[in-house]
Amino acid sequence: MFLNACLCRTQRLPGIALGLLVVAATIALADGVAIAAEVKAGDLTISRAYSWQPMNDAMAGFLTIANAGASDDTLVSATASITPTVQLHDMTMKDGVMKMVELTGGIPIPAGKTVELKPGSLHVMFVGVAKPPAAGSSFDGTLTFAKAGTVNVHYDVLMLGKQP
């Protein structure tokens with residue numbers, strides 16, 4: 001119906017109709033995949049912050065941290081609006097067994113390098129999420145670095161397995 005309405009008016013308003021059609025197609029093709037805005041904290045750039053719609057009361061947060069500076073930094077803690085319990089984790093596979101470990105000393109962000117928090121590896125763990133957010137929604141949090149300080153982050157919630 002939306003497409004019909006746009007096409008019927010193309011003779012009178014071709015630019016507007018085409019624009020609406022492009023917007024509608026973009027939304028339909030995106031399928032809930034959004035891209036969080038980049039955030040800067042000192043020499044650090046945080047991008048692609050997202051999480052997957054959870055199947056229980058725990059969620060993982062993924063993002064990319066680029067350090068353009070000349071000195072190392074460390075992600076020391078995180079918070080989230082969806083739970084009071086947030087941890088920094090690493091996940092490894094050994095002899096076919098998945099092992100998740102809390103990184104109480106933080107996650108090193110070496111100078112001149114990019115660290116990717118991603119599925120099956122380093123990630124932010126949201127524990128005890130009382131009202132898990134649905135795909136297509138979002139939530140806010142913070143990341144605290146030893147040198148760059150605290151920065152606000154916006155996590156997009158995607159369908160399980162989707163990438164931004």
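The talk below takes the surface, then the pocket, then the cavity.

Modeller: This is a predicted model, where local features need pLDDT of at least 70, side-chain atom pairs count only at pLDDT 80 or more, and totals for chains, interfaces and linings use all residues. Residues are numbered from 1 along each chain as its sequence is written, and side-chain values use heavy atoms, with hydrogens and water left out.

Biologist: Why is M93 called exposed?

Modeller: Exposed means over 50% relative accessible area, with a 1.4 Å probe and protein chains only as cover. M93 has 57%, so M93 is exposed. M93 sits in strand β5 (residues 85-94); strands are DSSP runs of E, at least two residues, numbered from the N terminus.

Biologist: What does M93 form with M98 and M100?

Modeller: A nonpolar patch on the surface, with about 320 Å² of accessible area together. Nonpolar side chains are joined within 5 Å.

Biologist: What makes a space a pocket or a cavity?

Modeller: A pocket is an open set with protein on both sides within 12 Å along at least five of seven lines. In a cavity, a 1.4 Å probe fits but cannot get out. Lining residues have an atom within 4 Å of a point.

Biologist: How much space lies in the largest pocket?

Modeller: About 310 Å³. Its lining has 17 residues, and W52, M59, A60, F62 and M125 are the closest to its centre.

Biologist: And how much space lies in the largest cavity?

Modeller: About 40 Å³. β3 gives the most to its lining, with three residues.

Methods: Patch = residues over 30% accessible without salt bridge, like charges linked within 9 Å, V, L, I, M, F, W, Y side chains within 5 Å. Areas by Shrake-Rupley, 256 points an atom, 1.4 Å probe, with all protein chains shown as cover. Salt bridge = Lys/Arg side-chain N within 4 Å of Asp/Glu carboxyl O. Helix = DSSP H or I, 4+ residues; strand = E, 2+ residues; numbered from the N terminus. Buried < 20%, exposed > 50% of the residue type's maximum accessible area, 1.4 Å probe, protein only. 1 Å grid on protein atoms, 1.4 Å probe; cavity = no way out; pocket = protein on both sides within 12 Å on 5 of 7 lines; lining within 4 Å. Points joined across faces, edges and corners; volume = space filled by probe spheres on them.
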